[in-house]
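Reader: Could you take me through this model, starting with the overall fold and then the aromatic residues?

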Amino acid sequence: NNAGELLDFLDKNKVTVDLVELFITGLYWREASCINKSTGKWVGSVLQHESLRDKMLDVLVALATKPKHPYNAHKLNCYLESFPMPKRDLIWSEYIRNQENSGTIHKLVNWIETFWSRGITDDYAEMYIVILSWVLTSTNRPLRDRATRCLYYLGRKHPYLLFDATLKSVKINDPYIPERMFAASYGVVMALHYSKEIPYFNRKFLKSFAQKTELPFDKDINC
C-alpha cells in the first residue's frame, strides 16, 4: 500500500537524469508488491525519452523473465504488440541493435544456450519463449539465429509451450516472428520423432497454423 514513487514528491525541475536512472536500476531489485500505478506512470514516461529508453527496456526485459512479477513477459508482450511495426522497430529493434554483449538479451541467450538441458520449469520457460520471440525482430542475423536455436532448445523440453506461442505469434505484424517460431517448432517435432507431442503438432498445431495463415492443409496427413 505504498503511496507512490519518490519522484512524485519532487518538483519537476528537481527530477534529474541521475534520479531517473536510480529509479530505473532500482526497479530490478524491488519486491513485486512495491510496484504500483505510479511506477507504471514513470516507466511509461521514461520510455518516451530516447536517451533513457534503452536502459529502461533492458531492465524491463530482465523483469520479464520473472513469471510472478507485474512486468513479466506477458506485460512486455502487450507493450510491444501495441505498436505498428515501423514504430516498434525504432524503439525495440533499435534497443536490440544497440545492445552490447553484456546486455540483458545477450545474457538470456547465453544462459539458455548453456543451461537449457538442466531443467527449466514451465512458468519460466513460458517467459523465456515470449521474450525470445521478440528477439526475432532483430536485424542482427547471428543473434536472430541464436534466439531461434534457443526457442528450439526450450521447445525440446516444453513443446506445448512453444507450439502455443507459435500459434499466437501469427497475429503479430512482423513476418520474421511467426516464420522463425514455426521453424523452431518444426525442428522440435523432427527431434522428438515418435514422442506423444507429435499427434498434437500434426492434428492441432498444423491445422490451426494453416487456418491462421490461410495456407492449405491436408487433414489426412500423418507423421
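Author: What follows covers the fold, the core, the aromatic rings and the cysteines in turn. This is a predicted model, in which local features need pLDDT of at least 70 and side-chain atom pairs count only at pLDDT 80 or more, while totals for chains, interfaces and linings use all residues. Residues are numbered from 1 along each chain as its sequence is written, and side-chain values use heavy atoms, with hydrogens and water left out.

Reader: How many helices and strands are there in the chain?

Author: The chain has 11 helices and 0 strands. Helices (H or I, at least four residues) and strands (E, at least two) are DSSP runs, numbered from the N terminus.

Reader: What percentage of the residues is buried?

Author: Of the 223 residues in the chain, 46% are buried. Buried means under 20% relative accessible area, exposed over 50%, and partly exposed in between (1.4 Å probe, protein chains only). The accessible surface of the chain is about 12,500 Å², and carbon and sulfur atoms account for 54% of that surface. Accessible areas come from the Shrake-Rupley method with a 1.4 Å probe, and for residues only the protein chains shown count as cover.

Reader: And contacts: what share comes from residues 24 or more positions apart?

Author: Such residues supply 66% of the contacts in the chain with a separation of 6 or more. Contact means heavy atoms within 4.5 Å.

Reader: Which residues touch the most other members of the largest nonpolar core?

Author: Met56 and Trp92 do, in a core of 59 residues. The largest share of this core, 9 residues, is contributed by H7. A nonpolar core is a set of buried Ala, Val, Leu, Ile, Met, Phe, Trp, Tyr and Cys residues joined through side-chain atoms within 4.5 Å. In soluble globular proteins, nonpolar side chains tend to be buried together.

Reader: What is Trp92 in contact with, beyond its neighbours within four places in sequence?

Author: Its partners are Leu57, Val61, Leu76, Leu80, Ile105, Trp134, Val135 and Thr137.

Reader: On to the rings. How many aromatic pairs are there in the whole structure?

Author: A search finds 8 aromatic pairs. One of them joins Trp111 and Tyr128, edge-to-face, at 5.8 Å centre to centre with 65° between the planes. Trp111 belongs to helix H6 (residues 104–115) and Tyr128 to helix H7 (residues 122–135), so this pair ties together parts that are 17 residues apart in sequence. Rings of Phe, Tyr and Trp (its six-membered ring) pair if their centres lie within 6.5 Å; planes under 30 degrees apart count as stacked, over 60 as edge-to-face and the rest as tilted.

Reader: Are those two buried or exposed?

Author: Tyr128 is buried, at 9% relative accessibility, whereas Trp111 is partly exposed, with a relative accessible area of 37%. The rings of Trp116 and Tyr153 form another pair, which is stacked because their centres are 4.7 Å apart and their planes are at 5°. Trp116 lies in the loop between H6 and H7 and Tyr153 in helix H8, so the pair ties together parts that are 37 residues apart in sequence.

Reader: What surrounds Tyr153, then?

Author: Apart from neighbours within four places in sequence, Tyr153 is in contact with Ile112, Glu113 and Trp116. The C-alpha atoms of Tyr153 and Trp116 are separated by 6.4 Å. Tyr153 is buried, at 18% relative accessibility, and Trp116 is buried too, with a relative accessible area of 18%. Helix H8, where Tyr153 sits, spans residues 141–157.

Reader: Which residues form one aromatic cluster?

Author: Trp111, Phe115, Tyr124 and Tyr128 form it.

Reader: Where does Arg144 lie?

Author: Arg144 lies over the face of Tyr176, at 4.3 Å from the ring centre. Lys66 has its charged end over the ring of Tyr28, 4.1 Å from its centre. A charge sits over a ring if NZ of Lys or CZ of Arg is within 6 Å of the ring centre and within 35 degrees of the ring normal.

Reader: Where is Tyr176, and what is its accessibility?

Author: Tyr176 lies in helix H10 and is partly exposed, with a relative accessible area of 35%. Leaving aside neighbours within four places in sequence, Tyr176 is in contact with Leu136 and Arg144.

Reader: Last topic: how many disulfides?

Author: The count is 0 disulfides, a disulfide being a pair of cysteine sulfur atoms within 2.5 Å. Cys34 is partly exposed at 31% relative accessibility, and Cys78 is exposed at 51%.
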